[in-house]
Amino acid sequence: MKFEIVVVGAGLAGATAARVLAEAGKKALVIEQHRHIAGHCHDYKDENGITIHTYGPHIFHTNNKKVWDFVNRFCDFHYYQHKVLSYVEGRLIPFPINRDTICEVFGVNIATYEVEEFLEKEVKKSKFNNPPKNFRDVVVSQVGERLYELFFKNYTIKQWERDPEELSPEVAKRIPIRTNRDDRYFSDKYQGIPKAGYTKMVENILNHPNIAVLTGVDYFEVRELFKPELTVYTGELDRFFDYAYGKLEYRSLRLELKTYDQEYYQPVAVVNYPNDYDWTRITEYKHFLNEKSDKTTVCFEYPLASGEPYYIVMTQDNMEKREKYMEQVRKLEESGEYLFVGRLAEYKYYNMDQVIEASIEKVQRWLKE
Ligand code: UDP
């Protein structure tokens with residue numbers, strides 16, 4: 001098969017791009033450096049029949065109908081609404097902050113219509129930059145210093161090894177603040193977990209006669225062998241340019257799996273630990289698909305400065321470097337020979353649905369030009 005397209009990476013960004021191109025009649029070779037497809041949403045079933053997310057918890061949620069329709073072509077979703085509790089002062093308390101969180105923390109009994117006024121008083125007592133300049137400002141300006149210190153400050157320091165004042169406001173905007181009793185982590189219209197797993201979903205996306213996949217191959221070692229019409233790159237942005245403007249920071253995780261001889265470990269899929277222990281959160285995987293077993297497998301997440309790149313780090317320094325790289329990206333994309341898509345290649349704190357959306361849009365635009 002002669003390939004017109006080389007796609008670097010078989011995660012969501014690469015698989016989606018390959019699929020859209022394949023359906024437009026282009027032959028695509030996907031080159032993946034890991035020995036498996038599906039990137040960081042890779043999952044597998046363990047010996048107890050529990051689906052484990054290899055790189056930590058992944059919950060699919062979107063408000064984008066086009067993205068939802070796209071993924072539903074490749075898998076059936078199990079209805080699942082993600083709930084998180086936060087371990088604070090020895091208690092498991094609903095998170096993100098809602099009316100129940102406030103009632104538990106402050107020992108008050110207030111109605112939904114009273115929450116806004118309660119929070120306003122908390123905010124009034126607090127010091128922050130207005131308009132907000134950083135992570136801390138965004139949170140404190142909404143809920144005040146006490147709730148910030150209990151739920152956000154130390155989690156953020158653990159996760160990013162940074163003072164929250166060094167982090168972009170955007171990171172805080174991922175977490176809603178609610179005045180009602182809605183205790184879901186995400187309020188998106190469409191939410192769920194692929195019944196047969198994310199790996200199967202990505203396998204189905206890639207399953208097209210115009211797509212071939214090579215795993216365990218580093219693109220940078222074989223790139224000279226190809227002269228494609230288009231390269232879709234989904235790897236680390238700085239590596240592509242040989243670190244010309246310096247290294248961008250990516251944060252990693254050490255994920256420790258433990259299996260217990262008991263039916264459940266915790267009441268919900270994820271419990272956050274802002275202030276205690278070295279881990280940030282514990283995920284109990286069987287909750288996602290409501291899997292039944294006498295045993296349960298849980299995952300402790302320990303943030304790491306280096307290793308497999310999971311997260312971009314939204315500090316001013318990194319974002320300025322990103323701009324320089326993106327300037328080069330824009331030039332390459334204008335040439336029509338390259339597209340850069342995904343969390344690593346665009347150095348963006350994307351969720352899964354945003355990766356798929358960006359991939360579909362970039363490729364469709366390229367096809368039109
Ligand atoms: N965060 C926090 N306390 C929490 C959960 C999150 O302070 O209990 C902050 C923290 O800085 C985290 C960010 O919000 O990195 C984004 O959280 P999210 O749950 O979206 O992180 P992800 O699932 O991407 O690891």
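Predicted model: local features only at pLDDT ≥ 70, side-chain atom pairs only at ≥ 80, totals over all residues.
A backbone N or O atom of F152 lies 3.1 Å from an oxygen atom of the ligand, and this is a polar contact, here a pair of N or O atoms within 3.5 Å. Residues are numbered from 1 along each chain as its sequence is written, and side-chain values use heavy atoms, with hydrogens and water left out.

An N or O atom in the side chain of T156 is 2.8 Å from a ligand oxygen, and a polar side-chain atom of R281 lies 3.0 Å from an oxygen atom of the ligand. On its own the ligand has 520 Å² of accessible area (Shrake-Rupley method, 1.4 Å probe), and the protein covers 94% of this area.

Which residues come nearest to the ligand? Of the 16 around it (a heavy atom within 4 Å), they are T156, R174, Y185, Y311 and Y349. Helix α6, residues 145-160, gives the most to this shell, with six residues; helices here are DSSP runs of H or I, at least four residues long. By class, the shell has 11 nonpolar, three polar and two charged residues, where Asp, Glu, Lys and Arg count as charged and Gly is among the polar.

I turn now to the second largest pocket. By class, its lining has four nonpolar, no polar and nine charged residues. The most comes from α13, with five residues.

Definitions and conventions:
Helix = DSSP H or I, 4+ residues; strand = E, 2+ residues; numbered from the N terminus. Polar contact = N/O pair within 3.5 Å; in protein donor to acceptor, adjacent residues only side chain to side chain.
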